[in-house]
Amino acid sequence: MTEIHGTCDEQFEPVRAAFEKNFDDGVELGASVYVTRAGQPVVDLWAGDADSHGRPWESDTIANVYSTTKTMAATCVLMLADRGEVDLDAPVSEYWPEFKANGKEAVLVRHVMSHTAGLSGFDPAIAPSDLYDWDKVVAHLAAQAPWWEPGTASGYHAVTQGYLQGEIVRRVTGRTIGTFFREEVAQPLGADFHIGLPASEDHRVAEIIPPASALDALGGVDVDSIAARTLLSCPLDATEPATREWRAAEIPAAGGVGNARPIGRVHSALANGGEVAGVRLLSAAGVERILEEQSNGTDLVLNFPMRFGMGFGLMSDAIPLSPNPRAFFWGGWGGSIALTDLDEAMTVTYVMNRMAADLIGDMRGIGIVFAAYQALGG
């Protein structure tokens, strides 16, 4: 029996039970879960090991969360839009003139936010080590042509989205997205999440246990398809987060480091009309923009029905994480997840270090989300 640490309100015992069952079933190494309602934590749990040598997962253990980082990058762009510094309906080239090359004049900021920009991969392909050179990556993206007509379909921008968003942030504010996030979001909220991790925090980082095959998601996929071209355009094998180079780099779609608590802290502001603990990130209207549907159909990369809002996934028949339509989410390769429900003023976040192979969710975190709704009587 794994010892579960932390606190859990009595009403949310189903969440503790679901979290504990993951360990009892042998599908976890180390993990954390955090649930808030009306800005207050009602679940803050952690358990297991931070590495394969038995180092305990502590309250402040942090891990690479892959695409759950996208929720933080999207929040930064939404904040600038809320302030009137970025127009989500404007061409990206309005802020980044070089971007208009090769037929990208019609790519709008909202296309970048919703994976519909036609730039889901790098063309030509790059090596993972290239991701550590920001200027090189954004120049590469600025020069290439879209792979489909922007705005007509989604194709999951697994790694590229964060660089596109981050360069917009840099052109508008003069700050990198990691710096903007730290100064405008993480520090005001006291959220221990990092887009670009200082070496001083390396001792707290959990070992990521890669899936058996990092490219399982490509099984049987046509190598000339958008999906294959995307995932092979910068082939990651999940060993990268073990390196100082990956942790130090700002990789806003895949390289964020934290645990369930800081992710939930940031999302709790969104769940409460844009403000928590006296810190306002967005106006209530700014939060509502997340719910504006941008695409709804089979994603060209994930090959799965996806409904995207402004920077987040929205509820659908294919992904019914919440019974409430005013809920949104995203998760990371391996299983991390963050759900925000505006109707319940609730957030549910989960971070682990033993990865599952699926790009689209994992029942460990999904089961915890369902348990939170069970606690509410749903």
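**Briefing: helices, backbone exceptions and voids in a predicted model**

Just after α1, Gly26 takes a positive phi of about 75 degrees. This is a predicted model, in which local features need pLDDT of at least 70, side-chain atom pairs count only at pLDDT 80 or more, and totals for chains, interfaces and linings use all residues. Residues are numbered from 1 along each chain as its sequence is written, and side-chain values use heavy atoms, with hydrogens and water left out. Helices (H or I, at least four residues) and strands (E, at least two) are DSSP runs numbered from the N terminus. Buried means under 20% relative accessible area, exposed over 50%, and partly exposed in between, with a 1.4 Å probe and protein chains only. Contact means heavy atoms within 4.5 Å.

**Helix α1**

- Helix α1 covers residues 13-24; its 12 residues reach 16 Å from the first C-alpha to the last, close to the 16 Å expected at 1.5 Å a residue. The expected span of a helix is 1.5 Å times one less than its number of residues.
- The buried residues in α1 are Val15, Ala18, Phe19, Asn22 and Phe23. Seen down the axis of α1, its buried residues fall within an arc of 145 degrees, so they line one face of the helix. The arc is taken from the directions from the helix axis to the C-beta atoms.
- Packing partners of the buried residues of α1 are β1 (4-8), β2 (30-37), β3 (40-48) and α11 (363-375).

**Helix α11**

- The 13 residues of α11 should span 18 Å at 1.5 Å a residue, and its end C-alpha atoms are 18 Å apart, which agrees.
- Buried positions in α11 are Arg364, Gly365, Ile366, Ile368, Val369, Ala371, Ala372, Tyr373 and Ala375.
- These buried residues of α11 pack against α1, β2, β12 and β13.

**Backbone exceptions**

- Most residues other than glycine have a negative phi, and most peptide bonds are trans.
- Ala238 is not a glycine, yet has a positive phi of about 75 degrees. Ala238 sits in the loop between α7 (226-232) and α8 (244-248) and is buried, with a relative accessible area of 2%.
- Ala345 also has a positive phi, near 50 degrees, in a residue other than glycine. Ala345 is in the loop between β12 (337-341) and β13 (346-352) and counts as buried at 16% relative accessibility.
- The peptide bond from Asp123 to Pro124 is cis, with omega near 5 degrees. Pro124 belongs to the loop between α3 (109-113) and α4 (134-143).

- Thr69 is in helix α2 (residues 69-82) and counts as buried at 0% relative accessibility. Not counting residues up to four places away in sequence, Thr69 touches Phe193, Ile195, Ile251, Pro252, Ala253, Ala254, Gly255 and Gly256.
- Leu88 is in the loop between α2 and α3 and counts as buried at 1% relative accessibility. Leaving aside neighbours within four places in sequence, its contacts are Val77, Leu78, Ala81, Leu108, Val109, Arg110, Met113, Arg289 and Met310.
- Leu88 and Val77 are 11 residues apart along the chain, with their C-alpha atoms separated by 8.7 Å.

**Cavity and pocket**

- On a 1 Å grid over the protein atoms alone, a cavity is a set of points where a 1.4 Å probe fits but cannot get out; a pocket is an open set with protein on both sides within 12 Å along at least five of seven lines; lining residues have an atom within 4 Å of a point. Grid points are joined across faces, edges and corners, and a volume is the space filled by probe spheres set on the points.
- A search of the whole structure finds 1 cavity of 30 Å³ or more. The largest cavity holds about 40 Å³ of space, and β2, β3 and α9 (260-271) are the elements that give two or more residues to its lining.
- Residues lining the largest cavity include Tyr34, Trp46, Trp57, Glu58 and Arg261. By class, this lining has 6 nonpolar, 3 polar and 3 charged residues. Ala, Val, Leu, Ile, Met, Phe, Trp, Tyr, Cys and Pro count as nonpolar, Asp, Glu, Lys and Arg as charged, and the others, Gly among them, as polar.
- The largest pocket has a volume of about 590 Å³. Of the 40 residues that line the largest pocket, Tyr156, Gly332, Trp333, Leu359 and Ile360 are the closest to its centre.
- At least two lining residues of the largest pocket come from each of α7, β11 (327-331) and α11; β11 gives the most, with 3 residues.
- The lining of the largest pocket divides into 28 nonpolar, 11 polar and 1 charged.
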